[in-house]
Amino acid sequence: MYYVKNERNGQEIVDARINLAIEYYLLNEIELDEPILLFYINDNAIIVGKNQNTFEEVNTDYVNEHDVTVVRRFSGGGAVYHDLGVLCFCFITKDDGDSFRDFKKFTSPVIDALHKMGVEGAELKGRNDLVIDEKKFSGNAMYSKNGRLTAHGTLMFDSEIEAVVGALRPKKHKLESKGIKSIRSRVTNIKPYLSDDYQYMNAKNFREKLLLNIFEVSEVSEVKEYKLTESDWEKIDKFAETYTANWDWNYGKSPKFDLERSERLSIGTVEVKLNVNRGVIQDIKIFGDFFGLGEISDVEDKLIGKTYEEKAIREVFEDVDINKYFGKVEIDELVNLFY
């Protein structure tokens with residue numbers, strides 16, 4: 001097995017958009033004579049499943065306020081929150097035809113290492129979750145393409161649990177979607193369950209310990225490594241530009257959905273009904289008991305065809321005379337209602 005460090009010019013990457021690009025570049029472009037192991041740690045990020053509706057999974061207010069990166073992955077499953085206390089692992093290998101959905105095969109090395117560190121209750125539970133005392137600390141997913149397979153998961157080592165809850169709680173819209181919804185589970189960190197000898201560790205120390213266990217060596221220098229070249233990085237950057245760092249992929253690929261929202265604003269009640277497909281507003285109707293001049297359909301027409309994101313909606317309202325159509329109202333009030 002080869003280990004790949006997610007480092008560039010000696011600096012570790014903590015940007016989820018780049019780390020996921022590395023993962024899928026290795027899957028699609030690098031075929032070695034042995035499997036590949038990639039570990040990475042992301043700064044604040046939400047990773048949504050391939051078939052999920054991003055808008056339904058994330059708390060957009062929290063994401064904007066806390067500068068959380070949102071990235072869609074290529075595998076199925078539910079949305080997960082990453083921060084510097086979460087270690088992500090990825091095994092990349094040939095697809096032998098028998099391993100897809102065999103989560104035990106790829107999580108056993110992690111479970112074995114945890115047992116050695118005193119976490120005796122760690123186990124695979126159900127389809128793809130790792131738990132301690134019935135509390136989830138790891139979700140896992142798989143993706144297969146062109147005879148290659150990636151099995152990846154997260155390990156909540158010392159994550160901010162409250163941030164997990166806040167980031168993955170969508171705004172209270174009435175929203176109907178065909179996307180796959182996350183199942184909210186009780187979650188826990190690994191660190192409290194480690195034996196006293198390992199309580200000093202952070203996520204990076206934990207990663208090193210896992211490496212030593214998985215490769216069955218005593219020093220990290222003994223781990224067999226594949227080093228990313230400048231040619232590799234050029235292709236990784238291109239992949240990120242096309243997919244993981246691209247709004248159309250991360251949000252626009254969301255399934256078609258309908259949204260209804262109604263609030264009492266300073267000008268009266270405003271109700272909006274939206275139809276969104278691939279992240280673009282296809283149809284919209286605005287109702288309410290506000291007093292405005294002109295036809296509200298003028299505003300509706302300007303919103304149709306715009307991407308369903310805060311910036312695009314705000315730009316429309318900045319371009320029209322909102323006081324004419326709605327009465328004396330602040331742009332922020334409308335943006336918060338519509339998005």
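This is a predicted model: local features need pLDDT of at least 70, side-chain atom pairs count only at pLDDT 80 or more; totals for chains, interfaces and linings use all residues.
Student: What percentage of the residues in the protein chain is buried?

Tutor: A residue counts as buried when its relative accessible area is under 20%. Of the 339 residues in the protein chain, 51% are buried.

Student: Which box do the C-alpha atoms fill, and how many helices and strands are there?

Tutor: Taken along the principal axes, the box is roughly 75 × 45 × 35 Å. The protein chain has 12 helices and 16 strands. Among contacts with a separation of 6 or more, 69% are between residues 24 or more positions apart.

Student: Let us take one residue. Where does Ile41 lie, and is Ile41 buried or exposed?

Tutor: Ile41 belongs to the loop that runs between strand E4 (36-40) and strand E5 (45-48). Its relative accessibility is 3%, so Ile41 counts as buried.

Student: With which residues is Ile41 in contact, leaving aside its neighbours within four places in sequence?

Tutor: They are Asn6, Glu12, Ile13, Val14, Asn19, Asp83, Leu84, Val86, Leu87, Ala203, Lys204 and Arg207.

Student: Turning to helix pairs, how do the axes of helix H1 and helix H7 cross?

Tutor: One reads the approach of the two axes and then the angle. The axes of H1 (residues 16-29) and H7 (residues 230-242) come within 9 Å and cross at roughly 115 degrees. H1 is therefore roughly perpendicular to H7. The crossing is right-handed.

Student: Which residues make the contact of H1 with H7?

Tutor: H1 contributes Arg17, Ile18, Ala21, Ile22, Tyr24, Tyr25 and Asn28, while H7 contributes Asp232, Trp233, Lys235, Ile236, Phe239 and Ala240. By class, nine of these residues are nonpolar, one is polar and three are charged.

Student: How do the axes of helix H10 and helix H12 cross?

Tutor: The axes of H10 (residues 310-319) and H12 (residues 331-338) come within 10 Å, with a crossing angle of roughly 140 degrees. The two helices are therefore oblique to each other, and their crossing is right-handed.

Student: Which residues of H10 and H12 meet?

Tutor: Glu310, Ile313, Arg314, Phe317 and Glu318 of H10 meet Ile331, Asp332, Leu334, Val335 and Phe338 of H12. This contact has six nonpolar, no polar and four charged residues.

Definitions and conventions. Residues are numbered from 1 along each chain as its sequence is written. Side-chain values use heavy atoms; hydrogens and water are left out. Axes are lines fitted to C-alpha atoms, for helices over the stretch in contact, and angles run from 0 to 180 degrees between N-to-C directions. Helices (H or I, at least four residues) and strands (E, at least two) are DSSP runs, numbered from the N terminus. Angles under 35 degrees count as roughly parallel, over 145 as roughly antiparallel, 65 to 115 as roughly perpendicular and the rest as oblique. A crossing is left-handed if the near helix is turned anticlockwise from the far one by less than a right angle, and right-handed if clockwise. Contact means heavy atoms within 4.5 Å. Ala, Val, Leu, Ile, Met, Phe, Trp, Tyr, Cys and Pro count as nonpolar, Asp, Glu, Lys and Arg as charged, and the others, Gly among them, as polar. Buried means under 20% relative accessible area, exposed over 50%, partly exposed in between (1.4 Å probe, protein chains only).
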